[in-house]
Amino acid sequence: MTALGSGAVVVLIGPPSAGKSSVGALLAAELGVPFADTDDLVAAAAGKPVGDIFVDDGEPVFRELERAAVARVLESAGASGASGASSPGGGVLALGSGAVLDPDVRRMIAGRPIVYLETGFAAVAKRTGMDRPRVVIPGNPRGMLRAMLEERRPVYAELATITVPTDDMAPEEVAADLAKRLRA
């Protein structure tokens, strides 16, 4: 169990469609702290959707924007927690699924409560719409998704201070369980 200290930022990690954004917003509301989602912050900074950044600018540009977003959130949360102002500081931060591959991001989140929303391939495929029969698409998107999950799963597990299986849980259930565990 990991107790949530004053000013702590809880970091949510996991594969695409694990529920980081929905659980994160619910958890932040439950804990009474701000919520931030790196994908939203990156899109706002770039002035276009995340998918367009990947297509137009490439993954390295996206990862640079993502790294900067993580740093901004953690610095602002730390500053509000250290200032003694009426804000308790801290918050909940949902990372994009690949952010944990960046050594700088891993360094920035080290020592914080890190929650791995563990989600299996079948649940991710269903949540992303890759479970339906479809026209054959060159490049085998389902195979690429499976390979991506297998590559990232050990990183998520290694970083996590709390692991929550989410396959059969509603976001509200996950958030309520996490809030209780973080307050313990």
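This is a predicted model: local features need pLDDT of at least 70, side-chain atom pairs count only at pLDDT 80 or more; totals for chains, interfaces and linings use all residues.

Me: By what quantities is a pair of aromatic rings described?

Reply: A pair of aromatic rings is described by the distance of the centres and the angle of the planes. In this structure the count comes to 2 aromatic pairs. One of them joins Phe 54 and Phe 62, with 4.6 Å centre to centre and 35° between the planes, a tilted arrangement.

Me: Is Phe 62 buried or exposed?

Reply: Phe 62 has a relative accessible area of 2% and is therefore buried, the limit being under 20%.

Me: Why is the pair of Tyr 116 and Tyr 156 classed as tilted?

Reply: Planes under 30 degrees apart would count as stacked and those over 60 as edge-to-face. The planes of Tyr 116 and Tyr 156 stand at 35°, with the ring centres 5.2 Å apart, so this pair is tilted. The pair links distant parts of the chain, since Tyr 116 belongs to strand E4 (residues 114-118) and Tyr 156 to helix H7 (residues 141-159), 40 residues apart. Tyr 116 is buried, at a relative accessible area of 2%, and Tyr 156 counts as buried at 2% relative accessibility.

Me: Where does Arg 63 lie, and which residues is it in contact with beyond its neighbours within four places in sequence?

Reply: Arg 63 is part of helix H4 (residues 59-82). With a relative accessible area of 14%, Arg 63 is buried. Leaving aside neighbours within four places in sequence, Arg 63 is in contact with Phe 54, Gly 98, Ala 99 and Arg 152. Phe 54 is thus a ring partner of Phe 62 and a contact of Arg 63.

Me: How many residues has the largest nonpolar core, and which elements give two or more residues to it?

Reply: The largest nonpolar core has 21 residues, and Val 11, Ile 13, Val 70, Leu 74, Leu 93, Leu 95 and Ile 109 have the most contacts inside it. Two or more residues come from each of strand E1 (9-13), H4, helix H5 (103-109), E4 and H7. H4 gives the largest share, 5 residues.

Me: Which residues is Ile 13 in contact with, leaving aside its neighbours within four places in sequence?

Reply: The contacts of Ile 13 include Leu 95, Val 115, Tyr 116, Tyr 156 and Leu 159. Both tyrosines of the tilted pair are thus among the contacts of Ile 13.

Note on methods
Residues are numbered from 1 along each chain as its sequence is written. Side-chain values use heavy atoms; hydrogens and water are left out. Rings of Phe, Tyr and Trp (its six-membered ring) pair if their centres lie within 6.5 Å; planes under 30 degrees apart count as stacked, over 60 as edge-to-face and the rest as tilted. Buried means under 20% relative accessible area, exposed over 50%, partly exposed in between (1.4 Å probe, protein chains only). Helices (H or I, at least four residues) and strands (E, at least two) are DSSP runs, numbered from the N terminus. Contact means heavy atoms within 4.5 Å. A nonpolar core is a set of buried Ala, Val, Leu, Ile, Met, Phe, Trp, Tyr and Cys residues joined through side-chain atoms within 4.5 Å.
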